[in-house]
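Please look at the sequence and the model first.

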Amino acid sequence: MTTSAKSRWLWVGLGLVVLLAVLWDAVPLPDAAGHLAALPKRGADFVSRDLPLASVENKALGPAAYLKRLYVWRGQRFAVLAVDGTHNRHVVHDPQYCLRGAGWQLVSQHPIPLGAGEAMLCRFVREDRAAEALYWYTDGEIRHASPLRYWWQATLRRLTLGASGNEPILVIVQPFDEDPMDWPHLTTNFLPLLTW
């Protein structure tokens, strides 16, 4: 192959890369707004209300779609924060990262079965306070607690322009009060989260 032929192939390859980059930026991916909206606000044995974002949450989420609600179910009060990273991919990551950055120290973590998959229950301490958080990622079908798997799903989805599946969202559940949560009861009986 001559030098001019190699040069032409190099320019063709470079042109294809630029074209793909423009295509990926120009083609909007469908977001998970429908998935977020599908979480019911009321049911036979629960009620909820939307919660405002804290200023630090508002700044961090930017253009990302989200849902933040307080649920009251069988005497338990808990907050659900769900985040769709379609329009701000950096906002969806390992929730432990944010808590550690806020000065919380991870004490324990263990997986909990959750419908078609699992969630991760984490316990943190800071000075004389304790906190718990249950989190998972879901595309509406499979639930898992792996940030690496989320990253792979989201990257593959962007590379295939959405053909590889639905946008996975991050779901974080935390007790709203100081009272401890009955996590096994919640994760086996609160159907809106199990089927969402």
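**Strand S3 and its partners**

Seven bridges join strand S3 to strand S8 (residues 169–175), and the two run antiparallel. Strands are DSSP runs of E with at least two residues, helices are runs of H or I with at least four, and both are numbered from the N terminus; two strands pair if DSSP finds at least two bridges between them. The model is predicted, so local features need pLDDT of at least 70 and side-chain atom pairs 80 or more, while totals for chains, interfaces and linings use all residues. Residues are numbered from 1 along each chain as its sequence is written, and side-chain values use heavy atoms, without hydrogens and water.

Strand pairing
- Val80 has Val173 in S8 as its bridge partner.
- S3 also pairs with strand S2 (residues 65–73), in the antiparallel sense and over nine bridges.
- Leu70 stands opposite Ala79 in S3.
- Two residues lie between the strands in the hairpin of S2 and S3, where Arg74 takes a positive phi near 50 degrees.

Cover
- Eight of the nine residues of S3 (residues 76–84) are buried, where buried means under 20% relative accessible area, exposed over 50%, and partly exposed in between (1.4 Å probe, protein chains only).

Glu167
- Glu167 is found in the loop between helix H5 (147–159) and S8.
- Glu167 counts as buried because its relative accessibility is 2%.
- Its side chain makes a polar contact with the side chain of Arg157 (2.7 Å); such a contact is a pair of N or O atoms within 3.5 Å, and within protein one must be able to donate a hydrogen and the other to accept it, with residues adjacent in sequence counting only if both atoms are side-chain atoms.

Helix H1
- Trp9 is placed in helix H1 (residues 3–26), and Trp9 counts as exposed because its relative accessibility is 57%.
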